Amino acid sequence: MVDVAYINTPLGVAKIIGDADGLSAITVLNSDAPLTDVIPETLEDAVYQLNEYFEGVRTQFHLNLNPEGTDFQKKVWAALQNIPYGKSTSYLELAKTLGDPKAIRAAASANGRNPLWIVVPCHRVIGLDGSLTGYAGGLHRKQWLLNHESPVKQQSLF
């Protein structure tokens, strides 16, 4: 049986899906959804760790992941998990990590299909020139996540 939970985050409501075999999806919604009152046992650790991440006390996730995808997509998603907290890489560097710099578009496509928001940190992949390019959750969320993880915190003048 697949379990689902909806939790509030600073970036909107997150939908978490998983079962005894692990998490299959975490997505941020662009609309409100009723929050889950009682988190299913199979998702409790994911909710706990995501809350810690947003509180700024967690920099790595230790969760059983079970996303659906092609072998290549899973290879890309595994590579994404090696990008350290507070760091970023380019799509070209990601393709090189996979062993084929010509696979940049395929790597970018797999990055965009990442089903495990934040836990598999696709937001840490940026353009070669440092630009924020493409993000399924919206560029404003990508910017927020990169700022959240930055070792240098920006302070507001107002």
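Cys122 sits in the loop between α4 (104-112) and β5 (125-126). The model is predicted. An unreviewed UniProt entry places the feature "active site" at Cys122.

Cys122 is buried, because its relative accessible area is 9% and the cut-off for buried is under 20%. Leaving aside residues up to four places away in sequence, Cys122 touches Leu80, Asn111, Asn114 and Tyr135.

## Aromatic pairs

The structure holds 5 aromatic pairs. One of them joins Tyr53 and Tyr85. Their geometry is edge-to-face, with 6.3 Å centre to centre and 80° between the planes. Tyr53 belongs to helix α1 (residues 44-55). Tyr85 lies in the loop between α2 (71-80) and β4 (89-90). The pair links distant parts of the chain, 32 residues apart. Tyr53 is buried at 0% relative accessibility, whereas Tyr85 is partly exposed at 23%.

Phe54 and Trp144 form a tilted pair, because their planes meet at 50°, and planes count as stacked under 30 degrees and as edge-to-face over 60. The ring centres are 5.9 Å apart. Phe54 lies in helix α1 and Trp144 in helix α5 (residues 139-149), so this pair ties together parts that are 90 residues apart in sequence. Phe54 is buried, with a relative accessible area of 14%. Trp144 is partly exposed, at 29%.

## The ring cluster

Which residues do ring pairs link into a cluster? They are Tyr53, Phe54, Phe61, Tyr85, Trp117 and Trp144.

Technical notes. Residues are numbered from 1 along each chain as its sequence is written. This is a predicted model: local features need pLDDT of at least 70, side-chain atom pairs count only at pLDDT 80 or more; totals for chains, interfaces and linings use all residues. Side-chain values use heavy atoms; hydrogens and water are left out. UniProt positions are given in the numbering used here, feature names are shortened, and annotations may be inferred rather than shown by experiment. Helices (H or I, at least four residues) and strands (E, at least two) are DSSP runs, numbered from the N terminus. Buried means under 20% relative accessible area, exposed over 50%, partly exposed in between (1.4 Å probe, protein chains only). Contact means heavy atoms within 4.5 Å. Rings of Phe, Tyr and Trp (its six-membered ring) pair if their centres lie within 6.5 Å; planes under 30 degrees apart count as stacked, over 60 as edge-to-face and the rest as tilted.
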